Amino acid sequence: TGSISGIAVYQSSTDATGITVKLLAGDGSVLQEQPVDHEGNFNFANLTAGGYAVSASGEGFLTTIFKTTVADNQVVDTGTLTLKAGDIDGNQTIDLADAGLIGANFSQPVPPAPAVADLNRDGEINVRDLVLLGANFGAIGPIVLP
């Protein structure tokens, strides 16, 4: 049997809490699902040889998918999967609707502002969140690697 392991992190935070990783079969069906630890580590063990994908997602971020093939007794390391910040409405596109949600809550603490709009997770909707969104503006997910 083989395994797939790696790290999934937010573009804007050192704490990966809230990221979920899914192990997908070649047909896209979910085989396993697990949250990462606060550092972003994950591991899927006891895998039969074949094609798989790992999908990493977190609220407010584009999903990242890593596709791979596992051979008998092979350990696959995905490396670090970085989720791009800015998909506040969860439609896998960083666009004007997302910018509008930051604008509508600008200078507000979280809560009452929605936590999903706090892209750098510092407890306030501010220019740092807007800069993150702007850097990724127009990006469309999921982002598929390699």
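This is a predicted model: local features need pLDDT of at least 70, side-chain atom pairs count only at pLDDT 80 or more; totals for chains, interfaces and linings use all residues.
1. Order of elements. From the N terminus, the protein chain runs β-β-β-β-β-β-β-β-β-α-α-β. That comes to two helices and ten strands.

2. Overall dimensions. The radius of gyration of the protein chain is 16 Å, close to the 15 Å that the globule rule gives for 146 residues, so the chain is as compact as a globular protein of that length. Along the principal axes, the C-alpha atoms fill a box of roughly 55 × 25 × 20 Å.

3. Burial and surface. Of the 146 residues in the protein chain, 43% are buried. The accessible surface of the chain is about 7100 Å². Carbon and sulfur atoms supply 54% of that surface.

4. Contacts along the sequence. Take the contacts in the protein chain with a separation of 6 or more: 56% of them join residues 24 or more positions apart.

5. The five-stranded sheet. Five strands form an open sheet in the order β3-β2-β5-β7-β10, and the pairing is mixed. Its edge strands are β3 (30-35) and β10 (143-145), each of which pairs on one side only. From one strand to the next, the twist averages 20°.

6. The β2-β3 hairpin. Strand β2 covers residues 20-25 and pairs with β3 in the antiparallel sense, over five bridges. Across this pair, K22 stands opposite E33 of β3. The two strands form a hairpin with four residues between them. In the turn, G28 has a positive phi of about 90°. That glycine is worth a look on the model.

7. From β2 to β5. Strand β2 also pairs with β5 (residues 50-57). Six bridges join them, and the strands run antiparallel. Here V21 has A56 in β5 as its bridge partner.

8. The parallel pair. Strand β7 (residues 64-70) and β10 run parallel and are joined by three bridges.

9. The salt bridge. How many salt bridges does a search of the whole structure find? It finds one. The partners are D122 and R128, with their closest N and O atoms 3.5 Å apart. Side chains of opposite charge can pair when their charged atoms come close. D122 counts as partly exposed because its relative accessibility is 36%, which lies between the 20% limit for buried and the 50% limit for exposed.

Note on methods
Residues are numbered from 1 along each chain as its sequence is written. Side-chain values use heavy atoms; hydrogens and water are left out. Two strands pair if DSSP finds at least two bridges between them. Axes are lines fitted to C-alpha atoms, for helices over the stretch in contact, and angles run from 0 to 180 degrees between N-to-C directions. The radius of gyration is taken over C-alpha atoms; the globule rule is 2.2 Å times the number of residues to the power 0.38. Buried means under 20% relative accessible area, exposed over 50%, partly exposed in between (1.4 Å probe, protein chains only). Contact means heavy atoms within 4.5 Å. Accessible areas come from the Shrake-Rupley method with a 1.4 Å probe; for residues, only the protein chains shown count as cover. A salt bridge is a side-chain nitrogen of Lys or Arg within 4 Å of a carboxyl oxygen of Asp or Glu.
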